[in-house]
Amino acid sequence: MPSSATYDKYFPLHKLGLAKNPFGALTREEWVSVAVPPPAIQEALATGFDHLQIIGDKGRGKSTTLHWLCHHFEMQGQAVNYERLPRWHFNYHTDISKLDSFALDEAQRLFFLNQRRLFRKAQGKRLIIGTHHSWERAFRRYGWQLTTVHIGNQTTREHIQHILDQRLAVFGTNKGTLVYFDEFAIDYLWERFGNNLRGMEYFLYDALQKRRDTGAMTSAYLEAVSKDYVEPKGLV
């Protein structure tokens, strides 16, 4: 049986009441668990939509929202699939013939001819698009009704608070989470990152890895961590 000192060395986050770092790499199931859909998405679901595009710069929550929507429709018994187009990939590969809904992430990378193929195959199905550029003209060309959500406009200070609370709650141990962000820390993150959720996540991953004390994570603590923090390239 390892000593508590050895256990804390290799699993330091357990001392904080966390099973893992909430801001690290997540599985699809974890993405669904931590997702906090913004009000416009909830409204679109309440009123109903034929097709949906979620527009925003990278790091604003498009992928998380797409995963959550896929799960939402799966829970309704629909056949749903998610595909993300990597950089320098210009065609999708999912067989959508048996799907009810198809979520395509980074859809702005799709070549025009492949876009036409997608519309041809998607007759009678729901498309959910994550994109940096609007597809409104293409949907209008086919006469399909399209609902648009600009995801970056949905981020508020209160929304950030909900996101962070959810992350800590989902990854808390059975003893409960022993750290939290106080109101001044939320103010600090909102002022520094705004709607750049991915940039915030990378920073908070580093902040949690260095954390050793339970209780409130304050703006002073985050400012201290930021002095040695080097932001990865390409987050904005």
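Start by selecting F111, which sits in the loop between β3 (101-105) and α5 (112-121). This is a predicted model, and in it F111 is partly exposed, with a relative accessible area of 48%.

**Next stop: helix α3**

Select residues 39-47, which make up helix α3, and colour A40, I41 and A44, which are buried. These three cover an arc of only 100 degrees around the axis, so they lie on the same side of α3. Turn to the other side of α3 and you will find P39, E43 and A46, which are exposed. What do the buried residues of α3 pack against? Show β1 (51-55), α4 (62-75) and β5 (146-150), and you have their partners. Before leaving, click on G48, which follows α3 and has a positive phi, near 90 degrees.

**Along to helix α8**

Helix α8 spans residues 183-193, and its buried residues are A185, I186, Y188, L189 and F193. Look down the axis of α8: the buried residues fall within an arc of 160 degrees, so they line one face of the helix. The face turned away from that buried side carries E183 and E191, both exposed. To see what the buried residues of α8 pack against, display α7, β6, α9, β7 (215-217) and α10.

**Into the nonpolar core**

Select L164, F181, L189, F203, L204, L208 and L222. Of the 26 residues in the largest nonpolar core, these touch the most other members. Which elements each supply at least two residues of this core? They are α7, β6 (179-181), α8, α9 and α10 (219-226). Of these, α9 gives the most, with 6 residues.

Now centre the view on L189. Leaving aside residues up to four places away in sequence, L189 touches L164, F181, G194, M200, F203, L204 and L222. L189 is also one of the buried residues of α8 seen at the previous stop.

**Last stop: salt bridges**

The model has 6 salt bridges in total, and three of them are worth a visit here. Side chains of opposite charge can pair when their charged atoms come close.

- Select R157 and D187, whose side chains meet in a salt bridge at 2.5 Å, N to O. R157 lies in helix α7 (residues 157-170) and D187 in helix α8, so the pair ties together parts that are 30 residues apart in sequence. D187 is partly exposed, with a relative accessible area of 25%.
- Move to R167 and E201, where the salt bridge spans 2.9 Å, N to O. Here R167 belongs to α7 and E201 to helix α9 (residues 197-210), so this pair ties together parts that are 34 residues apart in sequence. Is R167 buried or exposed? R167 is buried, with a relative accessible area of 3%.
- Finish with E136 and R140, which form a salt bridge whose closest N and O atoms are 3.2 Å apart. Both are in helix α6 (residues 136-142), and because they are 4 residues apart there, about one helical turn separates them. An α-helix has 3.6 residues a turn, so residues three or four places apart point the same way. E136 is partly exposed, with a relative accessible area of 42%, while R140 is exposed, with a value of 54%.

Methods
Residues numbered from 1 in each chain as written. Predicted model: local features only at pLDDT ≥ 70, side-chain atom pairs only at ≥ 80, totals over all residues. Heavy atoms only, no water. Salt bridge = Lys/Arg side-chain N within 4 Å of Asp/Glu carboxyl O. Buried < 20%, exposed > 50% of the residue type's maximum accessible area, 1.4 Å probe, protein only. Core = buried A, V, L, I, M, F, W, Y, C linked by side-chain atoms within 4.5 Å. Contact = heavy atoms within 4.5 Å. Arc of directions from axis to C-beta.
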